[in-house]
Amino acid sequence: MLARRMTEPEDVQATFAATLVDEWVRGGVEHAVVCPGSRSTPLALAVAARGGPGGRLRVHVHLDERSAGFLALGIGLATGRPAVVVTTSGTAAAELHPAVVEAHQAGVPLLACTTDRPPELRDVGAPQTIDQVHLYGRAVRWFADPGVPDRAAAGTWRALAARALAEATGDHPGPVQLNLPFREPLVGTPEALPSGRPGGRPWAVVAPAGPAATAAVSPEGRVTAGGATAAPDGAADPAAELAGELAPGAVLAAMAGRRGVIVAGPRSGDGEALHRLAAALGWPVLADPRSPAWRPAPTLVPHLDALLRSPRAAEALRPEVIVRLGPPPASRGVTEWLAGSGAEEVVVAGRSWSDPAATAATVVRANPGAALTGDPPPRLAPPPAGWLDAWQAAARAAASALAARLDAPGGGPDGGSPPGGGSSEPAVARQVVAALPHGAELVVSSSMPVRDVERYASPRRGLRISANRGANGIDGVVSTAVGVAVGSGAPTALLIGDLAFLHDSNGLLGAAGRGVDLVCVVVDNDGGGIFSFLPQARLVPSDRFEQLFGTPHGLDLVAVAAALGAEARAVTGDLPGAVRAALDRGGLQVLVVRTDRAANVEVHRQLDRAVADAVDAALRARA
């Protein structure tokens, strides 16, 4: 109930906005990103009123809506809770679309509040007005356009806010769009808010569903729910049984005894527990660097992309069963090898359908982090003799070959400088991962950096790695890293290429004043380095290739970063020392490492050849 009636329309709007913000704070929202604009005034003022000293909401103002969306995304990525991002009307709202798409495909919670003109100003040529209804299409978990606030509907305001928060979180997190029209005048005074739940509790919470809500559907038509499993011919299906009971009991006992692998992606649960389970099964864990299982363990097989370039390994290590937790690996070579293995594949990837190769035998609609939990069941049947041992031998050989060539000064394939001079990009990835302190965060950009970390870096504990791999784009990466630093409060590093850095250089706007410790390591090869590995580099004339794919920018990235408020310098020698020194200085730091695109291709080829030769020799010795 309202303590007193709101009399002026602008006061109704102000009270509506304050109610939404109050309910979000009650529900655990801690961050809001506000972009300057007029139409968003009621919501911006309500957000600011809950910020400041002693406030429960941290308010971040950003001049660029596109970067602001990724800043909010990074906060959600780091915390698991949505940040609110507020824009004015018109194309400002459209600028959030890339971040909304990434949040949708990566399963990151986000509350996108696009303010709008009132209905009478839509579709009549009013300035700064576009069609914002369902602006992001199917890339949101929920959309609402509640209309200009009306005091008669005040009893529904908290429910609206609570539902938006619930739809953005839960077992299928992602973005929500609230399209909020406001009518001038826009500056009002909040009156007493509609009463909330006693004790500051949220208006509504969503209780998790029971086992019966878990279901799996396979291409052959098998459906399981709550432990009941059926097949068209009535036969038991050990893989499909995984949907019936997600703890590793009788299910894994039925799958044990075969040549299996566990492919672990982001949000795949307790890494230690996963390795204990793998040890009980006698299976290797093929973990993405973003997985909690990417840590030293007898069952972990790192450097998989390089290892599988050994023809002997690609054949001898072919599995019969694949259990994949989370999205597919970033490496195209690894995903193609898995798809071509002919193995029976069980995919556990939440409520999203994750089967790009169309090879999954069973898709389990469950949280991958909860799918394989608890202690391993006793007395599991072992796999064929030597299965895990062969994987371990190959992994040791790959690790030794890389250490011999990348851990000496210079980082070239021979331990010295790479061909063409400069720094080796594989060594940069390896050194950045190793240099960060315990408890740090690392954001890795798409294209080459994320692949180089998987292929060449040594797994370690005490480091959480994240990347925008929902849509796999290079946009918004700097802003995402700032958001991760803001949300985590931990020392944070970003490994990024020059084009991705330039694409989102506005992410540095205001970052120096956000109270974060962020070191951006920019690999500058003056263009799009990944294209040099693709067929275009061989099939397109060199001048046309440079024009369309190499795209040299010719810019001084140190100057660019400094102009945007960062402390920036080029690094030509001790990169690990430079990273540690930058973190010790604190604040916003940019380190530019210059490389050569043509030389980089040759470095990768030599390293991969060395790993393949070492792995071949190790497996041949076992034959």
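Student: How many bridges join β3 to strand β4?

Tutor: This is a predicted model in which local features need pLDDT of at least 70 and side-chain atom pairs count only at pLDDT 80 or more, while totals for chains, interfaces and linings use all residues. Residues are numbered from 1 along each chain as its sequence is written, and side-chain values use heavy atoms, with hydrogens and water left out. Strands (DSSP runs of E, at least two residues) and helices (runs of H or I, at least four) are numbered from the N terminus, and two strands pair if DSSP finds at least two bridges between them. Strand β4 (residues 110-116) runs parallel to β3, and T87 has T114 as its bridge partner in β4; the number of bridges joining β3 to β4 is 4.

Student: Which residue stands opposite V86 in β3?

Tutor: Strand β1 (residues 31-34) also pairs with β3 in the parallel sense, over 3 bridges. The residue opposite V86 is V34.

Student: Are the residues V84, V85, V86 and T87 of strand β3 buried or exposed?

Tutor: In a regular strand, side chains alternate between the two faces of the sheet. In β3 (residues 84-87), V84 and V86 lie on one side and V85 and T87 on the other. Buried means under 20% relative accessible area, exposed over 50% and partly exposed in between, with a 1.4 Å probe and protein chains only. Both faces are covered, and all four residues are buried.

Student: Why does the aromatic pair of F531 and F549 tie together parts that are apart in sequence?

Tutor: Rings of Phe, Tyr and Trp (its six-membered ring) pair if their centres lie within 6.5 Å; planes under 30 degrees apart count as stacked, over 60 as edge-to-face and the rest as tilted. The structure holds 6 aromatic pairs, and that of F531 and F549 is tilted, at 5.7 Å centre to centre and 50 degrees between the planes. F531 lies in the loop between β18 (518-524) and α18 (536-539) and F549 in helix α19 (residues 542-550), so the parts tied together are 18 residues apart in sequence.

Student: Over the ring of which residue does the charged end of R197 sit?

Tutor: A charge sits over a ring if NZ of Lys or CZ of Arg is within 6 Å of the ring centre and within 35 degrees of the ring normal. R259 lies over the face of W387, at 5.8 Å from the ring centre. The charged end of R197 is 3.8 Å from the centre of the ring of W203.
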